[in-house]
Structure formats: C-alpha cells, structure tokens
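Hi,

Here is the structure I promised to pass on.

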Amino acid sequence: MKIMKMNKIFSAAILKTMGKFNYALAILAITAMSCASCGDKNNGGEEEVPTGGYFKMKSANITFKKIDNGDETPYYVIWDNYGKLYRIGDDKHVSVIDETTGKGFSLSIANKRWSDVSASYVSSMLTGRMSMKFADSPTVPGYKKLPNRTVAGKDCVVYSTTYGGITTVLGGWNGIKLLEEQTGTIDGTSIVVNESFTATSFSETVPANSFVVPSDYTKE
C-alpha cells in the first residue's frame, strides 16, 4: 500500500525513488516536531484527553484527495477513542489497528481477503498517526504563516516552510492536519515533487464495523 508523506507515513506512500524516500523522512521529522505543541484539551478547554499521539476529537471520518505528480486517488482516515482505534486506506487496501490490544489487520478490497499485521506494522501505523496531528503555532523555525483556508468545511490555520528545495504547505483545524502540499525540486537532484493531500469531507460519525474484519472476507 502506498503511504503518503502524510504517513510519510499521511503516513504514507511507497515512494518512487530512494532519494525521494530519504527526503520524505526528513520532512516527517520536521512535521512531527511542529506538532509537538498540540494541546491535550478540546476546543472548550475542559475535557482532558489521552496524551502520547491521540487526537483532541474522540472520533473522525475524513476523506482526502491525494495527488502525486498528476495521479489522483482518494484516501480515507478514520479513528475512534481518540485514535486508539485507527484505520487508513484507499479503494484497494485498508489497514486497521487497535492500540489497546496491539493488534491489527489489513484488507484487500478487490479479492475480499484479510490478514493479520505484525507488531512492527502496528508500530509504524502509530508513528503515522502522529503525523496527522497539527499545531496552530509550529515550534520549528522557518515556518511562514499564510492566510487561513477553508478545507472540508473547516477554517484551517495554514503555514509553509522550505527545506532542501521543497516547499511544504501545512493546514489544520482543531489539532488535525487536513492539508499538505509539497512542490519543488530536491536540491542536488532532478527529482521533481508535486504532491498534495487535501481533505474533501470531514465527519465525526464513524461507520459501523469500521474496525472489524467484514464477515464476507477470507483470511489469507
């Protein structure tokens, strides 16, 4: 499964070249640092929520549009219990983890098959989950505040930074990253980056059975 630099993972995508992959790791480190100041309270400042990578919102169902050098695909992120139950995927493959049990599974949509995932895979998804967090006030020097944007109906704080020839624009709302754009040419290479990861819909309603294996799937 591809994992967007969301999961640089948005997170997220198996990248096309090793040079590009190494760059993605650097951006992941910067993004994770910028999220370090994310708060542990909801908008009202009253409800204490778990720390250690969880979200302010108890549940979310977000659809993203992912564009990689012109190739456009949908991407889905769903969580419950502040992120302890976490699901990511596209129209072909889905991965689900339960942090409480330390277990998870993957689904192959086309042939309706599923398989357990390893502990290391669960760990990598938890790392990817962290990259979905967003800090209104980034802690990393060099970020430039941009005008707010409306993304998936949310008034998002937006800022940008340039590193290694690539300009990254990040946008988020209520501690959740809803926008990421990367453009430019990686310094010292001819590798052109033109990618975006933009939320197109946002709901706090999680579909039933999002975190269980469908009954009509066969185990591999």
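A quick definition before the strands: helices (H or I, at least four residues) and strands (E, at least two) are DSSP runs, numbered from the N terminus. Two strands pair if DSSP finds at least two bridges between them. Bear in mind that this is a predicted model, where local features need pLDDT of at least 70, side-chain atom pairs count only at pLDDT 80 or more, and totals for chains, interfaces and linings use all residues. Residues are numbered from 1 along each chain as its sequence is written, and side-chain values use heavy atoms, with hydrogens and water left out.

Contact here means heavy atoms within 4.5 Å.

Strand 1 (residues 60–68) and strand 2 (residues 71–80) run antiparallel and are joined by 9 bridges, with Phe64 partnered by Tyr75 in strand 2. Strand 2 also runs antiparallel to strand 3 (residues 85–89), with 5 bridges between them. Along that pairing, Val77 is opposite Ile88 in strand 3, and Tyr76 is opposite Gly89.

What do the backbone angles do in the turns? The hairpin of strand 1 and strand 2 has 2 residues between the strands, and Asn69 there takes a positive phi near 50 degrees. Most residues other than glycine have a negative phi. Asn69 counts as partly exposed because its relative accessibility is 34% (buried means under 20% relative accessible area, exposed over 50%, partly exposed in between, with a 1.4 Å probe and protein chains only). Its C-alpha atom is separated by 8.5 Å from that of Val192, 123 residues apart along the chain.

The hairpin of strand 2 and strand 3 has 4 residues between the strands, and Asn81 again has a positive phi near 50 degrees. Asn81 is partly exposed at 33%. Tyr82, in the loop between strand 2 and strand 3, has a positive phi near 60 degrees, and Tyr82 is buried, at 10% relative accessible area.

Next, charges. The whole structure has 6 salt bridges, where a salt bridge is a side-chain nitrogen of Lys or Arg within 4 Å of a carboxyl oxygen of Asp or Glu.

- Asp80 and Lys58 meet at 2.9 Å, N to O. Asp80 is in strand 2 and Lys58 in the loop between helix 1 (18–34) and strand 1, so the pair ties together parts 22 residues apart in sequence. Lys58 is partly exposed at 45%.
- Asp216 and Lys112 have their closest N and O atoms 3.0 Å apart. The pair links distant parts of the chain, 104 residues apart: Asp216 in the loop between strand 11 (192–203) and strand 12, Lys112 in the loop between strand 5 and strand 6 (113–116).
- Glu181 and Arg149 also have closest N and O atoms 3.0 Å apart. Glu181 is in strand 10 (residues 176–185) and Arg149 in strand 7, so parts 32 residues apart in sequence are tied together.

Last, the packing. A nonpolar core is a set of buried Ala, Val, Leu, Ile, Met, Phe, Trp, Tyr and Cys residues joined through side-chain atoms within 4.5 Å. The largest has 27 residues, of which Ile62, Tyr86 and Leu178 touch the most other members. Elements that each supply at least two residues of this core include strand 1, helix 2, strand 8 (154–163) and strand 9 (166–173). Leaving aside neighbours within four places in sequence, Leu178 has contacts that include Ile62, Phe64, Trp173, Phe197 and Phe202. A second, separate core has 8 residues, among them Val96, Phe105, Leu107 and Tyr217.

Cheers
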